[in-house]
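These notebook entries record what I looked up in one structure.

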Amino acid sequence: MKFDVVTIFPGMFSPVFQQGVIGRAIERGVIGFQAHDLRLYTHDRHRQVDDMPFGGGPGMVMKPEPVIEAVESLRAGNAGQVVLMEPWGELLDQKLAAELAQQWGLIIVCGRYEGIDDRVRTALQAREISIGDYVVSGGEIPAMVLIDAVARLVPGVVGDPGSLAQDAFSSEFAGWPQFTRPAEYRGMAVPDVLLSGDHARIKQWRRQQAAQRRGSHPKLRS
Ligand code: SAH
């Protein structure tokens with residue numbers, strides 16, 4: 001699966017995607033990732049990517065031409081869905097991440113300023129996705145969240161597929177409290193059952209603990 005990102009800050013991505021599970025997957029070629037500088041798709045001397053909003057109001061709006069030309073040129077190497085990161089978009093959840101992981105790739109456009117000229121969405125038949133009902137300053141961090149959530153579902157990215165199955169949103173019983181050594185720390189002991197070696201009892205305890213956590217989470221409550 002290939003991720004192409006269009007942004008005015010391509011440098012934001014390299015420190016993040018050189019680390020950890022996703023970093024290793026990119027290095028090993030299990031997934032492809034590239035951040036593309038939107039300004040390279042401008043034609044004027046000032047490499048302008050924004051302009052004043054029609055109808056007035058504060059701030060600037062991202063011009064349609066550089067974004068559309070950037071995506072069109074990336075489409076030659078990426079047949080995936082075009083996504084615009086926008087706070088009013090479809091809310092990203094585990095189900096949407098799993099759906100997007102079925103794609104050949106994603107071309108993700110990061111907004112800045114007051115947002116992206118709406119003709120970009122129309123022209124590119126783009127899907128608008130939000131990472132939550134709050135506003136951050138640009139689409140770069142939201143794009144990183146989306147890519148990470150989708151990429152870890154691509155086969156071969158997470159080394160042990162068992163750890164995907166026990167992700168909090170992936171299985172009915174996942175999300176139990178975890179402990180490691182030492183068995184006692186500052187007077188806090190690891191629950192006895194986990195040291196018992198009794199796998200049936202451990203399983204039952206984990207189910208019950210996970211159910212308790214789910215009960216207090218609005219999205220996991222069933
Ligand atoms: N004025 C706009 C906010 C623009 S924020 C408004 O009131 O909605 C600038 C850019 O940040 C957006 O174009 C989008 O790309 C990104 N962004 C901000 N919050 C986001 C969120 N919750 N999810 C996805 N992208 C977001």
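**Entry 1. Backbone geometry**

I started at Tyr-113, which is partly exposed at a relative accessible area of 36%. I take buried as under 20% relative accessible area, exposed as over 50% and partly exposed as in between, with a 1.4 Å probe and protein chains only. The model is predicted, so local features need pLDDT of at least 70 and side-chain atom pairs count only at pLDDT 80 or more, while totals for chains, interfaces and linings use all residues. Residues are numbered from 1 along each chain as its sequence is written, and side-chain values use heavy atoms, with hydrogens and water left out.

I placed Tyr-113 in the loop between β6 (105-110) and α5 (119-124). For the elements I use DSSP runs, numbered from the N terminus: helices are H or I with at least four residues, and strands are E with at least two. Tyr-113 is not a glycine, yet its phi is positive, at about 60 degrees.

I noted a positive phi again at Gln-125, about 45 degrees, and this residue is not a glycine either. Gln-125 sits in the loop between α5 and β7 (127-130) and is exposed, with a relative accessible area of 69%.

I then looked up the peptide bond from Arg-181 to Pro-182, which is cis, with omega near 5 degrees. Pro-182 belongs to the loop between α7 (161-165) and β8 (184-185). I recorded these cases because most residues other than glycine have a negative phi, and most peptide bonds are trans.

**Entry 2. Domains**

I found two ranges in the domain assignment: domain 1 (2-151) and domain 2 (166-221). Such bounds come from an automatic or database domain assignment. The C-alpha centres of domain 1 and domain 2 are 37 Å apart.

I read the largest pocket at a volume of about 240 Å³. Its lining has 20 residues, and those closest to its centre are Met-85, Glu-86, Pro-87, Val-136 and Gly-138. β5 (81-91) and β7 are the elements that give two or more residues to this lining, and β5 gives the most, with four. By class I noted ten nonpolar, seven polar and three charged residues in the lining of the largest pocket.

The search runs on a 1 Å grid over the protein atoms alone; a pocket is an open set of points where a 1.4 Å probe fits, with protein on both sides within 12 Å along at least five of seven lines, and lining residues have an atom within 4 Å of a point. Grid points are joined across faces, edges and corners, and a volume is the space filled by probe spheres set on the points. In the classes, Ala, Val, Leu, Ile, Met, Phe, Trp, Tyr, Cys and Pro are nonpolar, Asp, Glu, Lys and Arg are charged, and the others, Gly among them, are polar.

The second largest pocket has a volume of about 190 Å³. Among its lining residues I listed Asp-51, Phe-54, Lys-63, Asp-117 and Arg-119. This lining holds six nonpolar, no polar and four charged residues.

**Entry 3. Nonpolar cores**

Which residues touch the most other members of the largest nonpolar core? Of its 28 residues, I found these to be Phe-3, Ile-31, Met-85, Ile-108, Leu-146 and Val-150. α6 (140-151) is among the elements that give two or more residues to this core, and α6 gives the most, with six. A nonpolar core is a set of buried Ala, Val, Leu, Ile, Met, Phe, Trp, Tyr and Cys residues joined through side-chain atoms within 4.5 Å.

**Entry 4. Single residues**

I looked up Arg-75 in helix α3 (residues 64-75); at 37% relative accessibility, Arg-75 is partly exposed. Beyond residues up to four places away in sequence, Arg-75 touches Val-82, Ile-107 and Leu-124, where contact means heavy atoms within 4.5 Å. Arg-75 and Leu-194 are 119 residues apart in sequence and 51 Å apart in space, C-alpha to C-alpha.

Is Gly-80 buried or exposed? At 10% relative accessibility, Gly-80 is buried. Gly-80 lies in the loop between α3 and β5.
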